[in-house]
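The model is shown first.

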Amino acid sequence: MSAAITYKKVSRRYGDVIALSETDLNIGAGQFVALVGPSGCGKTTLLRLTADLDQPSTGQVAIGDMPPAAARKQRRLGLVSQRPAVLPWKRAIDDIRFTQIATQKSGIAAEDLLRDFGLAQHEKKLPHHLSGGMLQRVNFASAIAHDPDVLLMDEPFSALDEMKREELGLWLGKVLAERPKTVLFVTHHVDEAVLLADRVLVFSASPGRIVADIPVTTPRPRTAAFRTHPEFVELTNQVRGLLFGKQEAHA
Ligand SMILES: Nc1ncnc2c1ncn2[C@@H]1O[C@H](COP(=O)(O)OP(=O)(O)OP(=O)(O)O)[C@@H](O)[C@H]1O
């Protein structure tokens, strides 16, 4: 399942800081939207407002036809952060079961998730016996164990090295093709954003705002070969141009 997200005149101020200027935005059900921009431009703020972890200074956010608080209460949201939120004393399978129990929604069988996520041989392992990539897979499996409509991901691969990051990104694309969700994905990596998303929102800081909304039309899920596709080359240059200026974009 997936749900549309709408933002109507949404803004967030902290004292004198405009973390997010007035924003109108519609995200279609099942869309994968990447959020890129310099530090402090409001990406996490937008995620937090969507997750009901913060309230807008003006305007309204809606997940489908309900406000974020109701969507959160009904367990329609899944959150994935930078650092795996796994519990150190729990085996991988317990962590996913725990999430299902905690959310009181059986969703998908833990064993099926572990199998689909390539974790079947590791289900008895404790977190300190799993690699960073494996941990992030458990983290992700836990986030979707209750079958949410919306996945909010804040730099989920930032703790991983370049190779693992790409491998996990492509894997995420495949998983989402089988279990469609509406995704907001914050990243500092331009390549990752274009590789994974249907749409890249480019932010600018002081005040935080969206300066470009760039569609990526090649169908998902994509493979590593997409990196040599003219659309990938053109869009990564376009996003880099917006973020860093034209010179660096072609460096
Ligand atoms: N709770 C808060 N109190 C005061 N200022 C805040 C708070 N949360 C965010 N800000 C400010 O709002 C602005 C936007 O922050 P936000 O975390 O959304 O940026 P970001 O784009 O996610 O940055 P990064 O890429 O570094 O994570 C920043 O100037 C930040 O300092």
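Two strands count as paired if DSSP finds at least two bridges between them, and strands (E, at least two residues) and helices (H or I, at least four residues) are DSSP runs numbered from the N terminus. This is a predicted model, in which local features need pLDDT of at least 70, side-chain atom pairs count only at pLDDT 80 or more, and totals for chains, interfaces and linings use all residues. Residues are numbered from 1 along each chain as its sequence is written.

Q: What makes strand 1 and strand 2 a pair?
A: Strand 1 (residues 5–14) and strand 2 are joined by seven bridges in the antiparallel sense, and the definition asks for at least two. In one of these positions, Arg12 has Leu20 of strand 2 as its bridge partner.

Q: Why are strand 2 and strand 4 said to stand at the edges?
A: The open sheet has the order 2-1-4 with antiparallel pairing. Strand 2 (17–27) and strand 4 (58–63) each have a single partner strand, so one side of each lacks a neighbour in the sheet. Neighbouring strands here are turned by 20° against each other on average, direction ignored; axes are lines fitted to C-alpha atoms, for helices over the stretch in contact, and angles run from 0 to 180 degrees between N-to-C directions.

Q: What does helix 1 touch when it packs on the sheet?
A: Helix 1 (residues 43–50) touches strand 1, strand 2 and strand 4, and its direction makes about 120° with that of strand 1. Contact requires that the C-beta atoms of two residues, placed from the backbone, lie within 7 Å.

Q: Which element gives the most to the shell around the ligand?
A: Helix 1 does, with three residues. The residues around the ligand include Lys43, Thr44 and Thr45, where a residue is near a molecule or strand if its C-beta atom, placed from the backbone, lies within 6 Å of it.

Q: How is the shell around the ligand divided by class?
A: The shell has four nonpolar, seven polar and one charged residue. Ala, Val, Leu, Ile, Met, Phe, Trp, Tyr, Cys and Pro count as nonpolar, Asp, Glu, Lys and Arg as charged, and the others, Gly among them, as polar.

Q: What makes strand 5 and strand 6 a parallel pair?
A: Strand 5 and strand 6 (residues 150–154) share four bridges in the parallel sense, and Val80 stands opposite Met153 in strand 6. The six-stranded open sheet has the order 5-6-7-3-8-9, with mixed pairing.
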